[in-house]
Amino acid sequence: MMNTKSHSKLLLTGAAGGLGQQLRERLRANCDVLRLSDRVAFGTAGQNEEIVLADLADADAVNTMVAGVDAIIHLGGVSVEGPFEPIMQANILGVYHLYEAARKHGVKRVVFASSNHVTGFYRQSKTINAENPARPDGFYGVSKAFGEDLSRFYFDRYGIETACVRIGSSFAEPRDRRMLASWLSFDDLHRLITACLTTPVLGHSIIFGMSNNAVTWWDNSKARHVGYVPKDSSDVFKDAVYARTPTPDLNDPAVQFQGGSFVKAGPFQ
Ligand code: NAI
Ligand code: 15L
């Protein structure tokens, strides 16, 4: 069993969101104190918790949010495709504010919730790895690609280590046939974050956030040093998913490309 406690005080942004709620309990094992942040109120702090509300677009608020933490798990931001302006505020300006605050406060490690939509315009017939160029499938994917590039700059220039976790589809169960390939269980997400926090040398790494699924489009061999070993698999859901979903139309871009329906979203004006 891996020793999961690696840090005194961890910051979890996006704590009110779907994955934030899942990770709140699990991350207690990783630290002495867990600081939780979001833009929206989400209740009161429990034992060994702190709550600091902050809009990522507000540099001063982000600076306060980051002060005094040892490492950051950055989940906050717009999490789906949509109009550019809110994505720009939260995911582009917001991630800049986060890294500036990390630099000023000496935070040395960040786990950044990137997305499979950074590479959503690769075909489902292709297996890609961390060295394939980005092919974002929308403004959302572009904003996550920006976060990946920005974090690389802060590593090269200031030595802040980041794991860019290109999360596939992290839900209780795969919702459709595409998610049989992209599914990441909540427990495996926690295992992956724990690996990113505990590996001795993280550097600047890109790792695909997926469980041990039989069908996959992603090869994590460039991130072996992270030491992530998934324990769950979408395979146990396969028969049920096939039974309740129609045979895919192979002419549909949502079936052809890894990003699924995101590749068809917009335009938004
Ligand atoms: P979510 O939308 O449920 O949670 C995002 C949280 O960020 C929300 O609580 C929201 O209030 C907060 N937020 C949005 N704009 C903000 C701002 N300007 N300032 C401060 N907080 C703000 O998303 P979910 O599913 O929990 O995802 C968490 C992260 O993981 C996101 O960054 C998302 O892009 C990424 N991700 C999630 C995947 C999934 O399958 N759930 C797949 C790929 C990436
Ligand atoms: C994402 O990036 C989204 O945050 C999530 O809601 C899912 O849509 C996921 O990708 C996916 O591709 O299934």
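In this predicted model, Glu-50 and Lys-9 form a salt bridge, with the closest N and O atoms 2.7 Å apart; a salt bridge is a side-chain nitrogen of Lys or Arg within 4 Å of a carboxyl oxygen of Asp or Glu. The pair links distant parts of the chain, Glu-50 in strand β3 (residues 49-51) and Lys-9 in strand β1, 41 residues apart. Helices (H or I, at least four residues) and strands (E, at least two) are DSSP runs, numbered from the N terminus. Glu-50 is partly exposed at 24% relative accessible area, while Lys-9, at 17%, counts as buried (buried: under 20% relative accessible area; exposed: over 50%; partly exposed: in between; 1.4 Å probe, protein chains only).

The structure holds 14 salt bridges. Another of these joins Arg-109 and Glu-161, at 2.8 Å between the closest N and O atoms. Arg-109 lies in strand β5 and Glu-161 in strand β7 (residues 161-167), 52 residues apart. Arg-109 is buried at 9% relative accessibility, as is Glu-161 at 15%.

Strand β4 (residues 71-74) runs parallel to β1 (residues 7-13), to which four bridges join it, and parallel to β5 (residues 109-115), also through four bridges; strands pair if DSSP finds at least two bridges between them. His-74 in β4 stands opposite Thr-13, and Ile-73 stands opposite Val-111 in β5. Ala-71 and Ile-73 point one way from β4, Ile-72 and His-74 the other, and all are buried.

Residues are numbered from 1 along each chain as its sequence is written, and chains are lettered from A and ligands numbered from 1 in the order in which they are written. Local features need pLDDT of at least 70 and side-chain atom pairs count only at pLDDT 80 or more, whereas totals for chains, interfaces and linings use all residues, and side-chain values use heavy atoms, with hydrogens and water left out.
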